[in-house]
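Student: Could we go through how the chains meet in this one? I'd like to take it one interface at a time.

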Amino acid sequence: MTDHNNRAAIVVLSGDMDKVFAALIIATGCAAAGMDTVLFFTFWGLNAIKKGDPIKAQGFLGKMMGIMNRGGINRLNPSRFSFGGIGRILFNKMMRDKNVASLKELRQTVIDLDVHLLACKMSMDIMELSRDDLIPEVEDVVGVATFVKDAANSKIQLFI
Amino acid sequence: MTDHNNRAAIVVLSGDMDKVFAALIIATGCAAAGMDTVLFFTFWGLNAIKKGDPIKAQGFLGKMMGIMNRGGINRLNPSRFSFGGIGRILFNKMMRDKNVASLKELRQTVIDLDVHLLACKMSMDIMELSRDDLIPEVEDVVGVATFVKDAANSKIQLFI
Amino acid sequence: MTDHNNRAAIVVLSGDMDKVFAALIIATGCAAAGMDTVLFFTFWGLNAIKKGDPIKAQGFLGKMMGIMNRGGINRLNPSRFSFGGIGRILFNKMMRDKNVASLKELRQTVIDLDVHLLACKMSMDIMELSRDDLIPEVEDVVGVATFVKDAANSKIQLFI
């Protein structure tokens with residue numbers, strides 16, 4: 001049994017590029033420090049673990065989410081200076097210029113570091129997402145009880 | 001004396017529908033797991049515990065807060081897809097379609113589960129809210145020292 | 001050696017006036033309760049520890065950040081009711097009317113209470129900020145590993 005205290009549990013509700021970036025960076029830091037780390041993606045945060053294919057939702061909101069996120073994690077906009085997508089392109093350029101990893105590369109890094117990716121069942125239902133809409137590396141689709149249990153046994157809990 | 005570690009303390013600064021929703025869901029999860037759970041409402045989060053009657057504020061910001069939140073918790077807008085109120089209506093419809101509880105029902109659930117609702121004194125002062133503007137289930141109006149003491153003795157602390 | 005549990009670690013990613021305000025207030029509360037408290041400023045949060053002089057950035061985003069934040073911490077806008085800067089002025093007026101400290105005064109208070117101010121190296125690189133652009137009270141420019149280590153040894157960890 002693992003030391004149940006050497007864990008980190010991070011909720012990612014935001015779909016803003018900068019906040020998802022922060023969540024992934026903190027997760028790599030936790031994993032690199034030897035912590036068993038879990039990322040719980042909920043609401044807009046689900047965009048960070050979507051395949052990026054067009055989503056086949058029926059409802060209006062589901063359709064909009066699909067349209068606005070065709071490119072998956074690489075299409076996330078920053079919380080400021082969005083400018084209808086230009087902010088994202090600028091940010092990506094600046095990150096490349098400074099040799100900072102892209103969101104997709106960072107996500108791969110957290111996967112390589114065995115960080116657990118979990119998706120929130122209730123928000124998937126509301127947004128009409130199915131398991132197939134998410135990247136295969138997502139370990140499970142879970143409810144709030146799973147998060148609470150993990151968080152209560154973690155040294156670090158954050159809501160992003 | 002209760003086990004001072006089996007507690008959760010959650011600050012709710014946001015008044016966005018999706019974030020208040022997440023805060024209430026996590027609070028129900030904590031309470032269902034047997035944790036003594038506290039929600040501290042501050043700034044825009046206070047909208048989630050207002051009665052919803054028109055507020056009799058004198059200042060400009062207080063008046064705006066009153067106008068923009070006449071319906072209380074049922075009038076909160078999501079952090080994305082707000083569309084001047086249409087997003088909220090759509091979200092509410094999708095939540096009903098999926099048999100997800102409304103914010104008001106969820107708030108009643110956390111109250112029924114004995115989650116403590118506290119309001120931040122300083123932000124009430126800034127926003128010209130009085131105790132009477134809040135629902136009667138709010139246990140107390142407190143300062144930051146109360147939150148810090150609770151959070152330091154809690155397994156889970158989140159800022160939403 | 002200090003009791004490594006009596007600590008608080010707070011990430012400040014947001015540059016919104018109300019959220020920076022909450023971060024500083026919580027930090028004062030933690031410090032007043034005798035906790036060794038650290039504030040990690042990253043992304044937009046860096047605006048709260050900038051000198052406020054025009055920044056000499058070369059890139060487009062760096063220039064915009066410089067233009068939009070000439071006044072440093074006193075120029076932060078609230079997350080709602082921004083109105084192109086009027087919201088900030090109103091908020092400041094309401095805070096003065098209620099004898100609430102300004103952001104700059106609050107920042108001085110956390111400094112006087114020996115709260116540690118740290119800046120995130122990676123976001124400084126992305127935003128083309130140098131150590132000289134930050135107020136001298138900033139203790140160090142650090143990476144995520146420092147934050148994770150501090151947070152794992154803290155009673156309170158928050159992401160704002």
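Student: How many salt bridges does the rule find across the interface of chain C and chain B?
Tutor: Bear in mind that this is a predicted model, where local features need pLDDT of at least 70, side-chain atom pairs count only at pLDDT 80 or more, and totals for chains, interfaces and linings use all residues. Side-chain values use heavy atoms, with hydrogens and water left out, residues are numbered from 1 along each chain as its sequence is written, and chains are lettered from A in the order written. A salt bridge needs a side-chain nitrogen of Lys or Arg within 4 Å of a carboxyl oxygen of Asp or Glu. Between chain C and chain B, the count is zero.

Student: Which element gives the largest share of the side of chain C that touches chain B?
Tutor: Helix 1 (17-32), helix 3 (86-97) and strand 5 (156-159) of chain C each give two or more residues there. Helices (H or I, at least four residues) and strands (E, at least two) are DSSP runs, numbered from the N terminus. The largest share, eight residues, comes from helix 1 of chain C.

Student: What is the area buried between chain C and chain B?
Tutor: The contact (heavy atoms within 4.5 Å) takes 26 residues from chain C and 26 residues from chain B. Buried area is the accessible area (1.4 Å probe) that two parts lose on being put together, summed over both. Carbon and sulfur atoms give 79% of it, and the area is about 2,400 Å².

Student: And how many salt bridges are there between chain B and chain A?
Tutor: That contact takes 26 residues from chain B and 26 residues from chain A. Between chain B and chain A, the salt-bridge count is zero.
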